[in-house]
Amino acid sequence: MTAVTPELIQRAATGSLPDLGLLADNIRGVKPYPIEALKVAFKFLHIDLVPGVERNWNDFRQPIARAVHCTKILHCAFKHPDLKTAVANQLIENVDGLCRWICCLLLIHDNARQITGWENGIPLAAYAGIATLVHSVLSLDDRVYEVYISSTEWIDIILHLWFRIDDNTGEPLLDINSRSIVHALCAVVMKEVGVEIFLHRIIEKRLVPRLAWTILRRARLASEDPSAADAIEYLRTLSATSSFLVASSSEDLHRAFGEANYLREFCSAINTLSITVQKSHATMLPRLAICVHRLSLMATKARTHVVENRCGLLEGGIVPLLVRVIPWADKSTEPHPDYADIVTRALTLHGLTHPRVIRRFLGMYPDREVPDLEGCSLATSERWECRWRQAFLFCKAYQRFDGVGVVTMCDNQACMHRAQERVSRQCAGCSSVVYCSAACQEEDWRAFHHHECSQARRDHAVRRSLHTWYSHSVRQFHTQWVADSVENIESEVFQRGGDAPLMHHDNPSETMVHLDFSKGEIATHFINMTRSVPTDILWSSRSNTAYPQGFLKPRHASLFQRYWSGLAGPKSRLAELVLCFGQHSYLDLIVLLEPVGGVYRGVYSIARHGYDSQVDLLPRNTVKLVPPSES
């Protein structure tokens with residue numbers, strides 16, 4: 001080993017390749033790190049020394065070799081905390097030069113087969129080395145991050161590394177041992193400003209669908225890697241990167257990820273790896289727990305394809321994956337203490353409340369028998385069973401529901417034919433309301449819909465394009481579910497001998513039954529609705545939505561007035577259902593119930609479906625799944 005002396009540094013400063021090579025090979029571990037060596041590195045990484053592309057490929061050898069030695073010297077400097085300020089200052093001063101040199105190195109790597117002596121191409125390690133440098137630069141401090149992330153050339157370097165295809169396999173570069181390429185991308189998107197700049201660039205280059213494909217291909221390739229430990233760490237980093245991306249507000253990204261069945265494919269990859277790990281390295285399964293949690297978070301944060309994402313998790317094998325991971329996570333200190341309940345609740349009460357998700361679930365588990373947890377605590381097993389019992393309330397209702405999906409509702413409040421259950425026809429202009437007859441349509445047009453139609457049409461067009469439209473068949477299912485639930489509540493109260501006269505059929509009350517599933521728990525309340533309460537108060541609970549559907553406010557107020565005045569029916573009752581399919585998909589459903597044949601039936605409903613716009617105002621890292629104790 002050659003000593004790093006002032007003389008060696010002086011010779012290297014002249015551009016001598018042998019001396020630069022000696023300096024690069026021997027400076028590792030030298031303490032204190034000589035500041036003059038850092039100056040030598042940046043001297044030869046100056047923008048003026050980048051060779052022009054008009055030169056012959058073989059003329060690049062010396063400047064490229066010199067630059068490679070200098071990047072090695074720079075790598076070593078990152079490992080010395082006492083040099084952090086000096087390195088940061090040099091990086092900020094030489095941002096253009098470093099960007100241009102890295103671009104040059106990538107150009108050489110991509111065209112290596114044209115250069116004499118490099119006919120076999122450049123190994124993966126060369127790309128991984130550049131990615132490691134990129135990650136080190138972005139992770140040094142906030143000043144450096146802000147300067148480099150603002151450079152379009154720097155973003156393009158990261159895109160080049162991420163989208164580079166292996167010439168031999170045709171697959172994206174997979175440095176599963178070092179994880180340097182995925183670490184480089186993660187370093188970009190782990191901050192909100194980085195996500196926005198990065199997404200702006202890939203949207204500009206029309207690379208969003210390709211981004212989804214490259215992430216999913218890497219996840220699949222990693223899940224099939226024989227090294228379980230490396231594969232787990234790779235998927236952990238990849239899932240973190242994906243979670244940062246999905247936290248953005250970009251509808252282009254959410255749409256592309258949804259169209260790629262992103263959650264289904266990612267869940268399938270983790271599921272595949274968990275099977276391998278369980279067979280030979282079961283004690284490592286808690287390391288996969290965070291990946292499963294991030295899948296839940298990504299489904300929760302989705303802005304488009306909300307229902308499809310929930311279905312995709314089921315198709316990707318989320319249930320057997322949880323059965324494998326939860327018992328081991330229960331014994332580990334790494335996951336959240338309430339990890340099992342958090343992920344189970346996200347799957348059940350935030351997913352199995354929509355008919356399309358229920359239909360997919362029953363296709364896989366027709367008898368509603370999910371596997372039991374084995375080898376975990378009694379409390380965890382009981383919570384698992386409890387969550388599924390709660391979700392099965394919707395599954396049972398769906399199995400009684402008309403599977404054909406024929407809509408028989410009428411949105412005319414004064415309809416006189418509800419008992420006949422006529423097949424509905426929707427408004428041709430906006431598709432937001434349905435009627436049992438032309439007469440009801442004309443009556444409702446005069447009363448409300450002539451003010452609603454144009455606004456509802458715009459709302460419908462946007463929601464359709466985002467795959468977030470709340471259909472009338474789903475509304476009918478939830479309406480009937482509310483009716484069944486209120487009937488069950490009354491039966492249960494009187495079987496117990498409770499004193500709840502406000503729930504009795506013969507005593508129409510000023511109490512509304514409120515069924516709230518939005519916090520991950522089933523909460524039943526009775527809301528006092530005295531006539532002195534302004535209808536604005538009853539509306540305001542869901543006014544803060546991205547799709548507030550304010551045009552429904554007169555219809556909403558009229559329903560309460562009809563109810564209070566007795567026009568709705570002598571034994572009618574109001575109920576409200578609040579569901580959450582994710583952070584960006586809330587449902588508030590007001591249902592008018594009337595006894596038909598001795599049981600309640602939902603005869604009219606108003607649905608407001610959107611998301612709480614306050615979610616977008618929260619600091620990014622505060623958005624999380626809430627443990628039961630906090631809800």
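Modeller: Let us begin with the aromatic pairs: in this predicted model, a search of the whole structure finds 13 of them.

Biologist: Why is the pair of Phe361 and Trp388 called stacked?

Modeller: The ring centres of Phe361 and Trp388 are 5.5 Å apart, and rings pair if their centres lie within 6.5 Å. Their planes stand at 20°, while planes under 30 degrees apart count as stacked. The pair of Phe361 and Trp388 is therefore stacked.

Biologist: Which parts of the chain does this pair link?

Modeller: Phe361 belongs to helix α20 (residues 355-364) and Trp388 to helix α21 (residues 378-400). The two residues are 27 residues apart, and the pair links distant parts of the chain.

Biologist: How do you know whether Phe361 and Trp388 are buried or exposed?

Modeller: Buried means under 20% relative accessible area. Phe361 has a value of 0% and is therefore buried. For Trp388 the relative accessible area is 2%, so Trp388 is buried as well.

Biologist: What makes the pair of Phe361 and Phe392 tilted?

Modeller: The centres of these two rings lie 6.1 Å apart, and their planes meet at 35°. Planes under 30 degrees apart count as stacked and those over 60 as edge-to-face, with the rest tilted. Because the angle is 35°, the pair of Phe361 and Phe392 is tilted. Phe361 lies in helix α20 and Phe392 in helix α21, so this pair ties together parts that are 31 residues apart in sequence. Both Phe361 and Phe392 are buried.

Biologist: Which residues do ring pairs link into a cluster?

Modeller: The cluster consists of Phe361, Tyr365, Trp384, Trp388 and Phe392.

Biologist: What sits over the ring of Tyr145?

Modeller: The charged end of Lys191 does, at 4.4 Å from the centre of the ring; the cut-off for that distance is 6 Å. Elsewhere, Lys331 lies over the face of Trp328, 4.5 Å from the ring centre.

Biologist: Which residues make the contact between α10 and α11?

Modeller: Helix α10 contributes Leu185, Val188 and Val189, while α11 contributes Gly194, Val195 and Phe198. By class, this contact has five nonpolar residues, one polar and no charged ones.

Biologist: How do you know whether His472 is buried or exposed?

Modeller: The relative accessible area of His472 is 7%, and the limit for buried is under 20%. His472 is therefore buried. This residue is found in helix α23 (residues 472-495). Leaving aside neighbours within four places in sequence, His472 is in contact with Val407, Met409, Gln426, Ser431, Ser432, Val433 and Val434.

Biologist: How many helices and strands are there in the protein chain?

Modeller: The protein chain has 25 helices and seven strands. Of its 631 residues, 55% count as buried.

Methods:
Residues numbered from 1 in each chain as written. Predicted model: local features only at pLDDT ≥ 70, side-chain atom pairs only at ≥ 80, totals over all residues. Heavy atoms only, no water. Contact = heavy atoms within 4.5 Å. Helix = DSSP H or I, 4+ residues; strand = E, 2+ residues; numbered from the N terminus. Nonpolar A, V, L, I, M, F, W, Y, C, P; charged D, E, K, R; others polar. Phe/Tyr/Trp six-rings, centres within 6.5 Å; stacked < 30°, edge-to-face > 60°. Buried < 20%, exposed > 50% of the residue type's maximum accessible area, 1.4 Å probe, protein only. Lys NZ or Arg CZ within 6 Å of the ring centre and 35° of its normal.
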